[in-house]
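Welcome! Please have a look at it before reading on.

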Amino acid sequence: MPIPKKLIIASRESRLAMWQAEYIRDRLLELYPQMDVSILGMTTRGDQILDQPLAKIGGKGLFIKELEVALDEGRAHIAVHSMKDVPMNLPDGFSLSIIGQREDARDAFVSNDYASLDALPDGAIVGTSSLRREAQIRARYPKLNIQSLRGNVQTRLRKLDEKNYAAIILAAAGLKRLGLGDRIKALLTPEQSLPAVGQGALGIEIKSQLIDYIELFKRFETSSTNACVLAERAFSRRLSGSCEVPLGGHAHIIENGILLTGFVATPDGKQMLRASMRGKRKDAEKIGTDLAEQMLALGADKILASLESTTQ
């Protein structure tokens, strides 16, 4: 396709979101120095409403709706997202491309006083915005006090430093991208806290009629990241994954294929189902769907039904 003269990137205005948009801008300018690339910073409802858990106000889709409106109105050509914030089903007329080498997908334990979750005393307050993290921590550490923690990375770290929490759990990718890796006291293994679907990966969203623009980003794509995230998203999609469902999925490359592990649970962690499946890279989405079907047959449908009844 002809290289466009101008390209506008829609992004949230948090430091992490702007880092992601600037990263894509800089990669574009390296490849296409003649292109005029700018960033349209925006504040979303997800950024504005900080006094309620995300699951109760509409989920992660609140972080991207305003960006999609900007694309729809022609004020921007692409939007850059953290893949863990992208709903499993996009609105009609939008397309998604998974970009670049994935950053560390694990969750990070951050504390000023304790070295790990195991070191926390009974009753210690742990902050997280994620039902996924909450369910897994409650299952392994039932005597900890899990409380909601909203806001951007800097806000969450400030609340920790103000002694509102003994520890907080954040995505390692965001801390590392912002140069805050030294705040990480411990990286949680997938056995301790299975990551969110897509965690650590970046995505480009675009209006379907501008699908040719996706060709601009083909050189950024990494086949291993693409296959893993497609498997994870297919798993979550089949289980109707959202912020209201404590669910995680993480795939990694093994010899000649992919190993995908997923779980679904109740928020208190008392009911949890976890399973794994492996297969070929070319069958990434099928692996995700098949693992979800296996878990539904093993009882995930009952967990999902109990979650649905509590939200009605």
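Two strands pair if DSSP finds at least two bridges between them, and strands (E, at least two residues) and helices (H or I, at least four) are DSSP runs numbered from the N terminus. The model is predicted, so local features need pLDDT of at least 70 and side-chain atom pairs pLDDT 80 or more, while totals for chains, interfaces and linings use all residues. Residues are numbered from 1 along each chain as its sequence is written, and side-chain values use heavy atoms, leaving out hydrogens and water.

Let us begin with strand 10, which has two antiparallel partners, strand 3 and strand 4.

| Partner of strand 10 | Residues | Bridges |
|---|---|---|
| Strand 3 | 78–82 | five bridges |
| Strand 4 | 94–99 | six bridges |

Within these pairings, valine 80 stands opposite isoleucine 204, and isoleucine 98 has glycine 203 as its bridge partner. Strand 10 (residues 202–207) is largely enclosed by the rest of the structure, because six of its six residues are buried (under 20% relative accessible area with a 1.4 Å probe, protein chains only; exposed is over 50%, partly exposed in between). Leu202, Ile204 and Ile206 point one way, and Gly203, Glu205 and Lys207 the other.

Next comes alanine 167, in strand 8 (residues 167–171). Alanine 167 counts as buried because its relative accessibility is 0%. Among the residues it touches, beyond four places away in sequence, are Phe109, Leu120 and Leu160; contact means heavy atoms within 4.5 Å.

Finally, the buried residues of helix 4 (residues 131–140) include Arg132, Glu134 and Ile137.
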